[in-house]
Amino acid sequence: MKNIIILGSTGTIGESTLEVIRRGKDRFRVFGIACRRRKDILAEQIKEFRPEYVYLERKDAGFEKKFSGIRFLYGAGGMEEMVQMKKADIIVCAIPGISTLKATIAAVKQGKTLGLATKEILVAAGHIIIPLVRKHHACILPVDSEHNAVFQALEGVRERDIHRIYLTASGGPFGGRPPAGRVKLEDVLKHPVWKMGRKITVDSATMMNKAFEIIEAHYLFGMPADKIDVLIHPEAVIHGMVELKDGTIKAVLSVPDMKLPIKFVLDYPHRNEMSWQKIDFARINNLTLFPADRNSVWFSLAIRAIKEKGSFPVVLNAANEEAVNLFLEGKIEFNDILNILQEVLSDCKVQKEVLVDDIFRIHEQARQDVRKLAGV
Ligand SMILES: NC(=O)c1ccc[n+]([C@@H]2O[C@H](COP(=O)([O-])OP(=O)(O)OC[C@H]3O[C@@H](n4cnc5c(N)ncnc54)[C@H](OP(=O)(O)O)[C@@H]3O)[C@@H](O)[C@H]2O)c1
């Protein structure tokens, strides 16, 4: 029986993880769950899964009183305490942004296995996390469907035989190209394939989600920027590919459902039966694949982040987070997001050495710079 902690249990990935656990009760047990605000959903999850630990950002004695026999933890220290528990076998990290950075580092230092959905952590702190993973014999299993596919395609492949990796992109609601003119929030949030949280859905529409995935792939698979390519693939059936030096390409296909990569991570290194939808080739008429433009704003920013490192990716992530917030609050237009990023980053004086505390400081500064630029 594996004990699972879910950081972000009330979110899209969190709920999909609980569904996988629900269908694999013989193998998985919910050990700890964490969320921020949605206590109605949290209460249902506590009743159904009876975790040993529940984390909330802020103390709520009234809520806590309703559940006897469960230990509540609060604040940054509480999350760090939970992920270090000896009994925790896998920690699914699914809280957007970098707020779980310290908890992630604490888990890595305990040599834990992480099911990593939160790409922002590797974008801002991959240079810190990956060496720590090696040092403490921890393990990162990618939940992001593209990286999960590449991870699977790389199984049994020698490092020296890898030529290139391909991440696919559905292209979001605008087919991977920025739309001309004004765009309504509801159109941005209408992702044609994936049901996801609001932040990542906006990132998919601007393609910044793919930019972050390029950086994530760089850290996870040790690939230089020129060996990571993106293919626009609206059907979202092929999730990732690895090209070997002899020209052979290994691809991983499945229906677009996050429960599959999550199940892979929870079961790893074993495989178990699954009861949900499988690909029906009789219903697939066509698979479209075409290369994304490496000169587009989002691709160029990703390449620069990999090459420059230091504070550049931290600023990129923070500026994007703030610009997306402002768009969601109706304070800027959709097309302002990439314009703001370009402007903030064109002025960015890159600090080469960046430690954990620097990340939080640089993150806050970049958010303020965006607000100033947007005039809010
Ligand atoms: N959704 C996908 O298909 C997908 C695919 C690949 C990667 N990812 C990545 O996975 C992460 C989660 O995405 P999502 O779509 O699941 O997001 P989401 O639906 O917005 O859910 C976010 C979760 O994080 C919790 N949370 C937010 N801030 C918190 C804090 N400070 N302390 C504790 N809990 C906090 C939320 O709690 P409340 O509900 O209480 O606010 C919620 O449970 C993101 O980094 C995203 O890029 C997602």
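These legends walk through close-up views of a predicted model. Local features are described at pLDDT of at least 70 and side-chain atom pairs at pLDDT 80 or more, while totals for chains, interfaces and linings use all residues. Residues are numbered from 1 along each chain as its sequence is written, and side-chain values use heavy atoms, with hydrogens and water left out.

**View 1. The shell of residues around the ligand.**

**View 2. Polar atoms facing the ligand's oxygens.** Look for the polar backbone atom of Arg37, 2.5 Å from a ligand oxygen. A side-chain N or O atom of Glu120 lies 2.8 Å from an oxygen of the ligand, and a backbone N or O atom of Ile13 is 2.9 Å from a ligand oxygen. Of the 910 Å² of accessible area that the ligand has on its own, the protein covers 92% (Shrake-Rupley method, 1.4 Å probe).

View 3. Domain 1 (2-143) and domain 2 (147-257 + 278-308) make up the division of the chain, with bounds from an automatic or database domain assignment. Their C-alpha centres are 26 Å apart, and the contact (heavy atoms within 4.5 Å) takes 12 residues from domain 1 and 15 residues from domain 2. Together the domains bury about 1300 Å², 68% of it on carbon and sulfur atoms; buried area is the accessible area (1.4 Å probe) that two parts lose on being put together, summed over both. Lys119, Val123 and Pro142 supply 47% of the area that domain 1 buries against domain 2, more than any other three residues.

**View 4. Two backbone details in loops.** Tyr268 and Pro269 are joined by a cis peptide bond, with omega about 5°. Pro269 sits in the loop between α11 (259-267) and β12 (290-291). His137, in the loop between α6 and β7 (139-142), has a positive phi near 50° although the residue is not glycine.

Conventions. Polar contact = N/O pair within 3.5 Å; in protein donor to acceptor, adjacent residues only side chain to side chain. Helix = DSSP H or I, 4+ residues; strand = E, 2+ residues; numbered from the N terminus.
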